[in-house]
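Hello,

Here is the structure I promised to pass on. Please open it first, then read my notes below.

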Amino acid sequence: MRSVLGFLDFAGDWDPSLALVMAAALAVAAPGLAWARRRADPPPAEASPRLAIDKTLLVGSALFGIGWGLSGYCPGPAIASLASGNHDVLWFLPALALGGWLQRRWAARPSR
């Protein structure tokens, strides 16, 4: 959690170590994505990622970042931290579930 908060604290004691994790993730994902884009038979549309940067993506990304910054938890590590007996995460998980529920409700609303 300190790494995440330190990475997001640009004005204070910034910790760039999380940037190495993100760079490693990009290094692992980039060759597979490049290979998939060069294939003659593209993957099915439902398996393809959306490439458009739209309002929904920007709002969702901002909300995710705000939640991550405020709590210091990303969803996967938050769930995994329960196994280590970390009780601080117990306030985060209901908020995570509520956010997921609200997103599904928002996405299912009739379009105008």
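A pocket here is an open set of grid points, with protein on both sides within 12 Å along at least five of seven lines. Note that this is a predicted model.

The largest pocket has a volume of about 900 Å³. Its lining counts 23 residues, and the closest to the centre are Gly60, Leu63, Phe64, Gly99 and Gln103. By type, the lining holds 14 nonpolar, seven polar and two charged residues.

**Who supplies it.** Helix 3 (55–71) and helix 5 (92–108) each contribute at least two lining residues. Helix 3 gives the most, with 10 residues.

**Helix 3 itself.** Its 17 residues should span 24 Å at 1.5 Å a residue. The end C-alpha atoms are 24 Å apart, so the two values agree. Gly72 follows helix 3 and has a positive phi, near 85°.

**A surface patch.** Which residues make the nonpolar surface patch of about 430 Å²? They are Val59, Leu63, Ile66 and Leu70. Ile66 sits in helix 3. An α-helix has 3.6 residues a turn, so residues three or four places apart point the same way.

Best wishes

Key
Residues are numbered from 1 along each chain as its sequence is written. This is a predicted model: local features need pLDDT of at least 70, side-chain atom pairs count only at pLDDT 80 or more; totals for chains, interfaces and linings use all residues. Side-chain values use heavy atoms; hydrogens and water are left out. On a 1 Å grid over the protein atoms alone, a cavity is a set of points where a 1.4 Å probe fits but cannot get out, and a pocket is an open set with protein on both sides within 12 Å along at least five of seven lines; lining residues have an atom within 4 Å of a point. Grid points are joined across faces, edges and corners, and a volume is the space filled by probe spheres set on the points. Helices (H or I, at least four residues) and strands (E, at least two) are DSSP runs, numbered from the N terminus. Ala, Val, Leu, Ile, Met, Phe, Trp, Tyr, Cys and Pro count as nonpolar, Asp, Glu, Lys and Arg as charged, and the others, Gly among them, as polar. Patches are made of residues with over 30% relative accessible area and no salt bridge: like charges are joined within 9 Å, nonpolar side chains (Val, Leu, Ile, Met, Phe, Trp, Tyr) within 5 Å. Accessible areas come from the Shrake-Rupley method with a 1.4 Å probe; for residues, only the protein chains shown count as cover. A salt bridge is a side-chain nitrogen of Lys or Arg within 4 Å of a carboxyl oxygen of Asp or Glu. The expected span of a helix is 1.5 Å times one less than its number of residues.
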